[in-house]
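Open the model in your viewer and have the selection tool ready. The tour below moves from one selection to the next.

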Amino acid sequence: MTARIEENRSHPRLPALLTAYHLVNQAEKGAAVATAAELPAGYRAEAEDPAVAFAADTVLLATPPGADEPAGCVVLKVPREGRVPEVKRLWVAPEARRKGVAKALMAEALRRAAATGAPAVRLTVWNWREEPLALYRSLGFGPVASWDDRPGLLCLERRLDLIERLDPDAVRAHAPAGLAALLVDAVDGGASVGFLAPLDAAEAASWWSGVAEEAARGVRDVWAAHAPDGRLTGVVTLVRAGAPNGRHRGEIARLLVHSSARGRGLGQRLLATAEAHAAATGLGLLVLDTQTGSPAERLYRGAGWTAAGTIPDFAADPAGTLRATTLYYKHVG
C-alpha cells in the first residue's frame, strides 16, 4: 500500500506539520526557537495560516497506510517571473519516515508540475541534509547554477519527461528503436507483457508496427514519454472495446516505463494521461490485468483501481513459468 495523497491547503493538520518543519530548519541553521510565534515573520505566517500563505500554490498532504491523518506535506510553488515550478516545505513527521511518504509526495508534485507543461522542477536544500539530498538525487535532481546565494544552500533541478500522444505515423517511426527498446527492456526485466525472454528487437518492433495499424483504425491510442534528450522513457496504450454493447469500455495495455526511468512517478503520469483521455472521449469504464504480486499492482491500487479477482496460471512470465493474473477495473466517466 502507498500513502494517500490529497490537496488541501486548509487541512487542520497542516499548521502543525509546517511548524515542525520550520522549527527543525531554524535549529539546523543555528537559530533555534521554541514556538511558531518566535519564527521569522514569513515562516510564522506560513505556519499560522497556510491557506493564505500558499493561496496560489499547490499544497499536498500524505496520510501513511493505516493512519488516520496526514503525516507529511509538500508545497509546489507556482512559477514566477518565467521560472519553473519549485518544490518547497517537504516534511514527514519522524514517526512516519522510511515508509515511502516523502517519495509519494514528491512523485505527485512532479506529476502535477508535468501536467502543467513545465519543462523542469527546481528546489533548494541545505547541504547537510543528507537524507533529503539522497531522495532528490534518486528522483533525478541535479545541481544547477544558484539562484539563492545563502551559504550551504544547494540549488537543484530536474528536467521533466514530456508525455505526448503518438499518431500512427509516429508509432511507425518509433517502432524499430524507442518503442521496441521499451518492450525488450520490460521483458528482460521480468515483466509479463505477452512475450517470452529473450525477446528479439525485430519481434518487438513488429508488434509495435501492428499497434500503428490499430491506431490508424481508431482501435488503440498510444502515448509516449520523452526524456529531455529525446529518448523514449515510457509508453501506455488504451484499447477500445469493439463490441456494440461494450463501447463504453476501454482497456489499459502495455504500460511500460524503462528501467532507467523508474521511481520518478512516470508510470503514474502515463496512467493518468490515458485515464483522462478515456473519460474525455466518452469511456466510462476501464479494465486491465497484471501479474499478481507484481510492482505494477501497487501503482494501480494507488491510482484508485479495484481488484475484481485473480485467475491462477493465467499467463507465462518471460521465463516460461505460469503465473496468476489479477483483473482490475476503474470507473472514469
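Is Lys29 buried, exposed or partly exposed? Lys29 is partly exposed, with a relative accessible area of 30%; buried means under 20%, exposed over 50%, and partly exposed in between, using a 1.4 Å probe and protein chains only. This is a predicted model, in which local features need pLDDT of at least 70, side-chain atom pairs count only at pLDDT 80 or more, and totals for chains, interfaces and linings use all residues. Residues are numbered from 1 along each chain as its sequence is written, and side-chain values use heavy atoms, with hydrogens and water left out.

Keep Lys29 selected. It sits in the loop between α1 (14–28) and α2 (41–48); helices (H or I, at least four residues) and strands (E, at least two) are DSSP runs numbered from the N terminus. Then show Gly152, whose C-alpha atom is 9.8 Å from that of Lys29, although 123 residues separate the two along the chain.

Next come two arginines. Arg89 is in strand β4 (residues 86–92) and is buried, at 11% relative accessible area. Its phi is positive, near 60 degrees. Arg98 lies in the loop between β4 and α4 (101–115) and is exposed, at 70%. Its phi is also positive, about 60 degrees.

Finally, select Ala197 and Pro198, which are joined by a cis peptide bond with omega about -5 degrees. Pro198 is in the loop between α6 (168–188) and α7 (201–216). Most residues other than glycine have a negative phi, and most peptide bonds are trans.
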